[in-house]
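Colleague: Could you walk me through this structure, question by question?

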Amino acid sequence: QVQLVESGGGLVQPGGSLRLSCAASGSISSIYTMGWYRQAPGKQRELVATITSSGDTNYADSVKGRFTISRDNAKNTVYLQMNTLKPEDTAVYYCNAEMVVLITIRAYWGQGTQITVSS
C-alpha cells in the first residue's frame with residue numbers, strides 16, 4: 001500500500017508562516033517529481049510548486065518569493081515552507097508524487113490538508 005501523508009496545515013493570521021510536510025511510504029522503487037497543489041472553494045485545483053528528483057523547482061507566479069519547496073530524498077518527503085501568507089492562500093493543499101511502484105509509474109495524491117489564512 002503506497003501512501004502520501006501530509007501534515008502541517010491549520011489556521012494562521014495574514015503575514016504568518018506555515019510548513020507543510022508530505023511523506024511517501026510503501027513499496028516504492030523511485031520517486032520522480034513531487035509537488036504541492038491547492039484547491040480553494042469553488043475553484044479548480046491548481047499547481048503551487050514542484051520539485052524534481054535532482055532539485056529543480058517550479059512555482060506558481062502567485063507564490064514566487066513567498067513559498068519554498070524542498071525535499072529529502074532519503075526520507076521520501078517533500079516540504080512546503082509558506083511565508084507571508086495571504087487570505088487568498090486559503091485552500092486545501094494536496095501533495096503529489098510521481099512514483100514507481102513495482103514496475104508501474106503513476107501519480108499519487110495525498111488526502112489534503114486545510115490551510116486557512118484569516119485574522
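What follows is a chat about strands, rings and charges.

Modeller: Heads-up first: this is a predicted model, where local features need pLDDT of at least 70 and side-chain atom pairs count only at pLDDT 80 or more, while totals for chains, interfaces and linings use all residues. Residues are numbered from 1 along each chain as its sequence is written, and side-chain values use heavy atoms, with hydrogens and water left out.

Colleague: In what order do the four strands of the open sheet come?

Modeller: Strands here are DSSP runs of E with at least two residues, numbered from the N terminus, and two of them pair if DSSP finds at least two bridges between them. Strands S1 (3-7) and S7 (67-72) each pair on one side only, which puts them at the edges. The pairing is antiparallel, and the order is S1-S3-S8-S7.

Colleague: How many bridges join S7 to S8?

Modeller: Strand S8 covers residues 77-82 and runs antiparallel to S7. Across the two strands, Ser70 stands opposite Tyr79 in S8. The number of bridges joining S7 to S8 is six.

Colleague: Is the pair of Tyr37 and Trp109 stacked or edge-to-face?

Modeller: Rings of Phe, Tyr and Trp (its six-membered ring) pair if their centres lie within 6.5 Å; planes under 30 degrees apart are stacked, over 60 edge-to-face and the rest tilted. The structure holds two aromatic pairs. For Tyr37 and Trp109 the centres are 5.1 Å apart and the planes are at 65°, so the pair is edge-to-face.

Colleague: How many residues apart in sequence are the parts that Tyr37 and Trp109 tie together?

Modeller: Look at which strands they sit in. Tyr37 is in S4 (residues 28-39) and Trp109 is in S10 (residues 104-109), so the pair ties together parts whose separation in sequence is 72 residues.

Colleague: Which residues form the aromatic cluster?

Modeller: Tyr94 and Trp109 also make an edge-to-face pair, 6.5 Å centre to centre with 85° between the planes. Tyr94 lies in S9 (residues 91-101) and Trp109 in S10, so this pair links parts 15 residues apart in sequence. The cluster consists of Tyr37, Tyr94 and Trp109.

Colleague: Which residue has its charged end over the ring of Trp109?

Modeller: A charge sits over a ring if NZ of Lys or CZ of Arg is within 6 Å of the ring centre and within 35 degrees of the ring normal. Over the ring of Tyr108, 4.0 Å from its centre, sits the charged end of Arg106. Over the ring of Trp109, 4.6 Å from its centre, sits the charged end of Arg45.

Colleague: Is Arg38 buried or exposed?

Modeller: Buried means under 20% relative accessible area, exposed over 50%, and partly exposed in between (1.4 Å probe, protein chains only). Glu46, at 37%, is partly exposed. Arg38 has a relative accessible area of 6%, so it counts as buried.

Colleague: How far apart are the closest N and O atoms of Glu46 and Arg38?

Modeller: Side chains of opposite charge can pair when their charged atoms come close. A salt bridge is a side-chain nitrogen of Lys or Arg within 4 Å of a carboxyl oxygen of Asp or Glu, and by this rule there are four. Glu46 and Arg38 form one, with the closest N and O atoms apart by 2.7 Å.
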